[in-house]
Amino acid sequence: MTTNLPFPDGEQGPPDGTGKHDTLGADGSLEGEDALIEGTSLWKDAFRRLIKNRAAMTGLLIVLFMSAAAILYQPIVEYGTRFTQDEQHSYIMPKAPGSYSVPSYHYRLMDPEGDLSFEEIDREGTGTIDFQDVHEAYRRWEFNRLDREGNGKLSWEEYERAPFSMSAETVPDCERWSEIRMSMAPIEERSIFDCDADEQGYLQFTNAGLLVEIVSAGEARDIINRLDETGSGYLEPHEYHGLPRPERNWLGTDQLGRDLLTRLIYGGRISLAVGLLATLVSFLIGVTWGATAGFVGGKVDNIMMRIVDVMYGLPFIFLVILLMVVFGQNIILLFIALGAVQWLTMARIVRGQVISLKSQEFVEAAQTIGVSKPAIIFRHLIPNALGPIIVYATLTVPAVMLEEAFLSFLGLGVQAPQTSWGALASEGRQVMEMAPWMILWPGLALAVTLLSLNFLGDGLRDALDPQLRKD
Amino acid sequence: MTRFILRRSIASIFVIFTIIIISLWITRLAPSNPCLEEREVQACTCVKMHHLDRPVFPVYSPPPLAPLDGCQYWEAESDWQIIPAITIPFTDGESTTWPIHIIGLSDWGNTQAAIYLRTLSRGSLGDSMITDRTVMETLGAALPYTIQLGLQALLIALLIGIPAGLIAGLRQNTPTDYGVMTVAMIGVSIPNFVLGPLLILLFSLHLGWFSAVGWYTWQDSILPSITLGLFYAAYVARLTRGGVLEVIRKDYIRTARAKGLSEKIVVMRHALKGALLPVVSYLGPAFAALLAGSVVVEEIFSLPGVGTHFVRSALNRDYNLVLGTIILYSTLLVTLNLLVDILYTVLDPRVSYDDE
């Protein structure tokens with residue numbers, strides 16, 4: 001049974017490096033003698049074909065961009081959003097994309113100039129800062145930001161444009177309004193104008209309530225407690241080392257107030273790492289297995305390939321699920337388990353390649369001069385079969401990433417405080433009614449990366465195996 | 001053909017047996033056990049009832065549970081040799097060591113594995129260790145949902161995928177082709193656990209056309225089936241297009257055209273059969289993936305299917321239910337794969353399994 005093979009045996013010409021059929025290059029320069037002398041290697045030719053494939057190049061760029069973001073994660077956190085994934089915040093509601101929140105006290109050390117000054121916080125000039133001052137300062141900061149006209153009051157238009165975390169039920173009547181405002185229950189934003197706006201339809205600072213709150217009273221109290229050395233409950237000027245200015249959450253936050261963009265980059269780091277490493281595992285197992293079977297041939301080949309056939313029938317993913325449930329929380333196990341599932345097709349491809357290559361003269365030559373069998377396999381056969389291997393490996397990466405995301409989504413893959421795109425999507429699903437962005441962005445990141453990798457893999461296949469091109 | 005089926009059936013039984021043994025081993029290696037939640041006296045009965053005080057395998061096994069106070073535990077007729085120690089590197093980040101038990105031959109029949117296999121040979125899957133239903137009852141109630149979900153998803157995949165791939169392949173390199181293939185590529189790249197919640201968001205919460213969770217009427221099966229099926233629809237479209245392109249330049253198609261047959265008959269009678277071969281050979285892996293996908297989809301839509309039981313029982317350490325689910329999945333898969341192979345010989349007479 002070789003019917004599952006994406007690359008049927010022997011369909012490729014021998015990519016033996018001479019590139020005979022490739023000199024008919026795109027520039028059609030067969031007539032010029034120089035072109036004949038220079039020749040075009042298979043790889044050069046493939047590269048040229050790949051560059052021309054716009055979808056594949058776009059895919060490559062996107063993948064490179066994602067990888068760069070993942071690798072540069074730390075600097076991005078420090079100079080960009082300044083939240084790390086393991087910071088705990090006391091927010092209980094996710095914030096919409098574009099809203100502001102205050103970086104944790106720890107991270108403000110990165111940029112002391114971005115701090116609020118003592119005078120900005122202590123507006124009454126009492127010479128001390130208590131938690132109400134901090135709370136008030138951040139509320140006023142938010143109020144001023146929303147107040148685009150700068151007239152000290154909010155119109156409905158100004159208010160409406162601000163990204164707020166949620167809106168849901170209408171408030172039944174204005175008498176219950178203050179009580180609802182205190183309880184953080186979901187509120188219809190318009191209703192604040194029916195109840196709290198003055199006659200001219202403007203919202204004063206004092207009426208804006210929780211709707212301009214980017215730091216809760218509890219958080220303000222936390223900040224004070226952390227800085228308060230004397231235990232007095234308030235800060236004196238010498239105890240004050242600055243408080244960070246609010247920063248923008250471009251993609252919103254999760255329900256703990258953690259910046260989603262940062263979490264996304266951090267999650268991408270793990271998703272991509274799992275994709276690459278598990279592919280590497282599958283590559284190592286598959287290439288060794290397939291090359292050995294193909295090269296040795298005969299009974300050994302038969303037995304090894306029967307084993308592969310049998311394993312194709314196994315419900316591997318269920319064993320992986322079982323393994324993850326049982327041993328959980330182990331990312332190395334995840335790499336190995338996912339890689340161990342994916343090597344079967346690779347083994348079949350490599351075997352087919354090796355069988356078609358091993359009767360070639362260069363292998364016979366190597367055998368004649370006494371090169372050992374493993375050396376022939378790894379030095380001569382595999383490098384020549386590299387084209388299809390690379391193509392299939394590229395297509396394995398999205399498959400593995402998908403499986404990792406699938407496991408993480410079930411809560412079985414990457415465990416908190418680490419995260420991956422699948423785990424983020426899983427978190428997002430639980431609050432998707434009030435915070436659809438929490439599933440949208442991780443889902444989008446995953447889909448775009450998978451799409452790019454698929455396009456890249458297809459492009460590589462078209463470039464490296466012209467005969468396999470279906471058009 | 002009969003020989004082939006016979007040989008494959010024997011191989012399948014061997015495969016399922018291997019899976020049972022591996023799963024037995026993995027479940028027993030897990031930290032925690034199904035009797036942990038019970039009070040001491042009940043735990044004692046629970047341990048004895050499920051034979052958890054015995055070694056799992058004749059040779060190498062995790063240690064049986066340590067005796068609780070006041071429990072009369074099973075005792076081996078012959079002494080076990082305990083050889084310390086083998087290192088299992090994957091538990092909680094630290095290495096854990098399990099002793100190796102070498103058990104006297106007379107005690108082999110009393111290992112947990114042997115007891116479980118005896119239960120199986122009586123045609124039973126045993127009792128659930130957490131609930132008071134048998135595994136058969138539990139899975140019997142859940143299976144119809146999973147089967148219906150899988151079949152509907154497959155139907156969606158084939159009904160959308162084959163025509164789309166056919167159209168794209170017949171109009172190769174036209175905007176139609178590029179359009180269909182780009183959509184298919186996007187379809188292959190959207191994970192079903194992202195698609196599902198988004199569909200719920202749009203059709204259940206926003207438009208209110210379907211209920212978001214549960215399965216009470218036939219309408220409730222629509223969103224889950226679409227969620228599960230769309231990925232495969234996209235994949236089938238890609239395969240069908242590839243098949244069409246491969247077949248359409250073959251000599252027999254040219255002959256058919258030369259005979260003056262209409263394009264419709266050429267495509268439907270002659271090309272389609274050959275073009276569908278890649279799709280048929282994909283059906284085997286597709287079944288496996290559909291079953292795995294159904295775990296997630298059942299989770300998203302809170303459906304009472306087999307997948308829900310699988311994850312829940314694995315988390316609860318309901319050993320028998322886990323093993324029962326795995327046996328059910330493996331049997332389904334192995335049977336379906338066999339059917340696919342037979343279907344393949346029917347479609348492509350060149351393939352014969354008998355001379356292998």
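In the predicted model, helix α7(B) passes α9(B) in a right-handed crossing. The two helices, spanning residues 222–248 and 263–275 of chain B, pack at an angle of about 125°, and their axes lie 8 Å apart. At this angle α7(B) is oblique to α9(B). On the side of α7(B), the contact is formed by Thr240(B), Gly243(B), Val244(B), Val247(B) and Ile248(B), while α9(B) contributes Ala271(B), Gly274(B) and Ala275(B). Classified by residue type, this contact comprises 5 nonpolar and 3 polar residues, with no charged residues.

Thr138(B), Leu139(B), Ala142(B), Leu143(B) and Thr146(B) of α4(B) meet Val306(B), Gly307(B) and His309(B) of α11(B). Here the residues of the contact divide into 4 nonpolar and 4 polar, and none is charged.

The contact between the chains draws 45 residues from chain B and 37 residues from chain A. On the side of chain B that touches chain A, at least two residues each are supplied by α1 (2–29), β1 (81–91), α5 (175–189), α6 (192–206), α7, α10 (277–300), α11 (306–316) and α12 (319–347). This side of chain B consists of 33 nonpolar, 11 polar and 1 charged residues.

Among the elements of chain B that touch chain A is α1(B). Within α1(B), the residues Val15(B), Ile19(B), Ser23(B), Leu24(B), Thr27(B) and Arg28(B) are buried. The cover over these buried residues includes elements of both chains: α12 (298–312) and α13 (316–327) of chain A, together with α3 (112–121) and α12 of chain B.

In chain A, Thr279(A) is located in helix α11, which runs over residues 260–296. Thr279(A) counts as buried because it has 27 C-beta neighbours inside 10 Å, the cut-off for burial being 20 or more. Apart from neighbours within four places in sequence, Thr279(A) is in contact with Ala393(A), Thr396(A), Val397(A) and Val400(A). Between Thr279(A) and Ala366(A), the separation is 87 residues in sequence and 31 Å in space, taken from C-alpha to C-alpha.

Conventions:
Residues are numbered from 1 along each chain as its sequence is written. Chains are lettered from A and ligands numbered from 1 in the order in which they are written. This is a predicted model: local features need pLDDT of at least 70, side-chain atom pairs count only at pLDDT 80 or more; totals for chains, interfaces and linings use all residues. Axes are lines fitted to C-alpha atoms, for helices over the stretch in contact, and angles run from 0 to 180 degrees between N-to-C directions. Helices (H or I, at least four residues) and strands (E, at least two) are DSSP runs, numbered from the N terminus. Angles under 35 degrees count as roughly parallel, over 145 as roughly antiparallel, 65 to 115 as roughly perpendicular and the rest as oblique. A crossing is left-handed if the near helix is turned anticlockwise from the far one by less than a right angle, and right-handed if clockwise. Two residues are in contact if their C-beta atoms, placed from the backbone, lie within 7 Å. Ala, Val, Leu, Ile, Met, Phe, Trp, Tyr, Cys and Pro count as nonpolar, Asp, Glu, Lys and Arg as charged, and the others, Gly among them, as polar. A residue is buried if 20 or more other C-beta atoms lie within 10 Å of its own, exposed if 12 or fewer, and partly exposed in between; C-beta atoms are placed from the backbone.
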